[in-house]
Amino acid sequence: MKQTTHPPDQRSVRARNGAAPAAPPPAPARARRRPSSTQWAAWGFLAPVTVYLALFYAYPLYRNIDLSLRDYTVRSFVQGDAPFTGLQNYQTVFDDPTFAPALLHTVVFTAVCLVFQYAIGLALAVFFNQHFRLSATLRALFLVPWLLPLIVSASTWSWMLNSDSGIVNAALHALGIGPVNWLTSPSWSLTSVIIANIWIGVPFNLVVLYSGLQSIPASLYEAASLDGANAWQRFWRVTFPLLRPVSAITLLLGLVYTLKVFDIIWIMTKGGPADSSTTFATWSYQLGFGNLLPAFGPGAAVGNLLVVAALVFGLVYVKVQRKQALS
């Protein structure tokens, strides 16, 4: 019987010659894996958030943009056959004589409220960080303005600043100062709503900044005291720089909230008298719902300007944070 001979194995020959064995040929590509149970669970948890954002954020934003680009009337708003006008509604808004005063009032209202809310909130946060007796109780009481419904807060301030029976004018009369028409004078109406909004926004700044102070190690203050730093130097050289990230997000959230403040102004002054306290938020409402013949397009255009302003400041914040992270 003839014996069959096999050629020598190349790997054994190379091994005998002292050469390293060759790598095995690459395995064929595996079939694409199906999502695991963990991935399905992740998609399951993500789906409700996605649906919520699409229904309550993306769709209303799309509808608002569509409103600002068409000539909507009450009839066309119901039937959906409004003609496309492009940027005509924005041009109408820019040419309106109310635009310049409303822009100025929005800037002043936002800037003054942000500065005073942050300054007072930071001062109170540093004060309560001393952990004295009744500190927790007083902090809880300072949260009351933030917890009250806005309609209650605005109505309370309207009563307090009433020209005839308000407690503020009564206190001024006791001091020998004449009454001030807080809500009915064009010179004081914007100041009145600013004061009310500062009172409402201080607790938010207090809570966030106080939480930031809790993350600063006490050893840093002890080291600064040993180096001879007084209270102001410890605040300026230790507290304020380490609170910078918390301060940035506090100011950004406060900016977005203040830009869209409507309830306080509308309940107290309705943007008057003579548009002296009109901001973009109240003007947008007046255009869209405050007249017998509503101007849906210009009203939506004013609202979109607020959205763009908030988006710009948000992008600036993100860019600054990235630069600080890289530095």
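Colleague: Ser-284, buried or exposed?

Modeller: Ser-284 counts as buried, because its relative accessibility is 17% and buried means under 20% relative accessible area, exposed over 50%, partly exposed in between (1.4 Å probe, protein chains only). Keep in mind that this is a predicted model: local features need pLDDT of at least 70, side-chain atom pairs count only at pLDDT 80 or more, and totals for chains, interfaces and linings use all residues. Numbering runs from 1 along each chain as its sequence is written, and side-chain values use heavy atoms, with hydrogens and water left out.

Colleague: Which helix is Ser-284 in?

Modeller: Helix α15, residues 280-289. Helices (H or I, at least four residues) and strands (E, at least two) are DSSP runs, numbered from the N terminus.

Colleague: And what does Ser-284 touch?

Modeller: Skipping residues up to four places away in sequence, Ser-284 touches Gly-299, Val-302 and Gly-303; contact means heavy atoms within 4.5 Å. A polar atom of the Ser-284 side chain also sits 2.8 Å from the backbone oxygen of Gly-299.

Colleague: Switching to rings. How many aromatic pairs are there?

Modeller: The structure has 22. Rings of Phe, Tyr and Trp (its six-membered ring) pair if their centres lie within 6.5 Å; planes under 30 degrees apart count as stacked, over 60 as edge-to-face and the rest as tilted. One of the pairs is Tyr-52 with Tyr-57, edge-to-face at 5.8 Å centre to centre and 65° between the planes. Trp-236 and Phe-240 are stacked instead, with 5.3 Å centre to centre and 10° between the planes.

Colleague: Where do Trp-236 and Phe-240 lie?

Modeller: Both are in helix α12 (residues 231-242), four residues apart, about one turn of the helix. Trp-236 is partly exposed at 44% relative accessibility, and Phe-240 is partly exposed at 28%.

Colleague: Which rings link into a cluster?

Modeller: Phe-262, Trp-266, Tyr-285, Phe-289 and Phe-296, joined by ring pairs.

Colleague: OK, core packing. Which residues touch the most other members of the largest nonpolar core?

Modeller: Phe-109, Ile-264 and Met-268, out of 36 residues. A nonpolar core is a set of buried Ala, Val, Leu, Ile, Met, Phe, Trp, Tyr and Cys residues joined through side-chain atoms within 4.5 Å. Helix α10 gives the most to this core, with eleven residues.

Colleague: What's Phe-109 in contact with?

Modeller: Leaving aside neighbours within four places in sequence, Phe-109 contacts Leu-190, Val-193, Ile-194, Asn-197, Thr-258, Val-261 and Ile-265. There's also a second, separate core of 14 residues, including Val-93, Ala-102, Leu-255 and Trp-283.

Note on methods
A polar contact is a pair of N or O atoms within 3.5 Å; within protein, one must be able to donate a hydrogen and the other to accept it, and residues adjacent in sequence count only if both atoms are side-chain atoms.
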